[in-house]
Amino acid sequence: MSSSTSRRSYGVKGAPYGFLLPATILFALFFALPIGYAVWLSFRKVHVSGLGLGPGARQEVWAGFENYTGAFRDSELLDGALRVLGYGCVVVPVMLGLALLFALMLDSDRVRLAPFTRLAIFLPYAIPGVVAALLWGFLYLPDVSPFYFVLDRLGLPQPDLLDGGPLYLALSNIAVWGGTGFNMIVIYTSLRSIPAEVYEAAKLDGATPLQIALRIKIPMVAPSLVLTFFFSIIATLQVFNEPTTLKPLTNSVNTTWSPLMKVYQDAFGRNDIYSAAAEATLIAVVTLLLSFGFLRAANRRNKQEAAG
């Protein structure tokens, strides 16, 4: 083999790595490196000597697992985790249920204006979360909301959606409104990939549209449902925009309402980046464990169904 042929062969084999190099560099600089730095900070703390004045009075030292121990004992962080758990119990089932329902309706033969309907359902996802939270926040305020004006004119009760239990519904509504469209597109795309022969065979056997949806469509898009559930769990654990945006509008949302808000408050409110780094690392580990456990359970179920 000539040298030119060898160089050409080497160039062809190395081309994929060349294409991956820019993305790898960006991933390392803006994702892997910050994560590694946060983990490193989580094992550090500031040691203050004397009154903390003068050069060398405040030094960064090794803290071991002290920050993690403090995070586990922090009642504010645990309370925020419980709030997010209740919030997720409302958001995830409702959002995925609506996404599946809309996808099945759009996949129906009787649907009208399907392109416009798809766009209308997906459009809220394109609106930034902060903007959506601001819009809904003003709609929740009794003094400026047109809904409260209509309720007052009709003599109907006017619930305070920014206080107590209704606050969870108000926050959940913002997340459902913004995330249903994305999940619907994922499920709808999976539905469109099902061969038409499957539906034709079911219709020849006398299956009704409801039976086709329940016994054919939903089981065949199960991987998409698993994927959307996976994304929804991650988004729920990282809820930050909605409660932070609504915080100035109500006293029911404090600065540590969710775990990520607690991280932000410790890092920039209390200037304790070391505790914040430990809390952020714990949140990342919990998210990883939950995601890995769910995906493993889903894969095990799929293998059992395939073997059966």
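Colleague: Which residues of helix H12 are buried?

Modeller: Helices are DSSP runs of H or I, at least four residues long, numbered from the N terminus. Buried means under 20% relative accessible area, exposed over 50%, and partly exposed in between, with a 1.4 Å probe and protein chains only. In H12, residues 259–269, the buried ones are Pro259, Met261, Lys262, Val263, Asp266 and Ala267. After H12 comes Asn271, which has a positive phi, near 55°. This is a predicted model, where local features need pLDDT of at least 70, side-chain atom pairs count only at pLDDT 80 or more, and totals for chains, interfaces and linings use all residues. Residues are numbered from 1 along each chain as its sequence is written, and side-chain values use heavy atoms, leaving out hydrogens and water.

Colleague: Which residues touch the most other members of the largest nonpolar core?

Modeller: A nonpolar core is a set of buried Ala, Val, Leu, Ile, Met, Phe, Trp, Tyr and Cys residues joined through side-chain atoms within 4.5 Å. Here the largest has 20 residues, and Tyr87 and Trp257 touch the most other members. Helices H3 (75–106), H5 (129–140) and H7 (166–192) each give two or more residues to this core. H7 supplies the largest share, six residues. Apart from this core lies another, of 17 residues, including Ala99 and Ile212.

Colleague: What does Tyr87 touch?

Modeller: Contact means heavy atoms within 4.5 Å. Leaving out residues up to four places away in sequence, Tyr87 touches Tyr168, Leu171, Ser172, Ala175, Thr236, Val239, Glu242 and Trp257.

Colleague: Is Phe30 buried or exposed?

Modeller: Phe30, found in helix H1 (residues 3–42), is exposed, with a relative accessible area of 62%.
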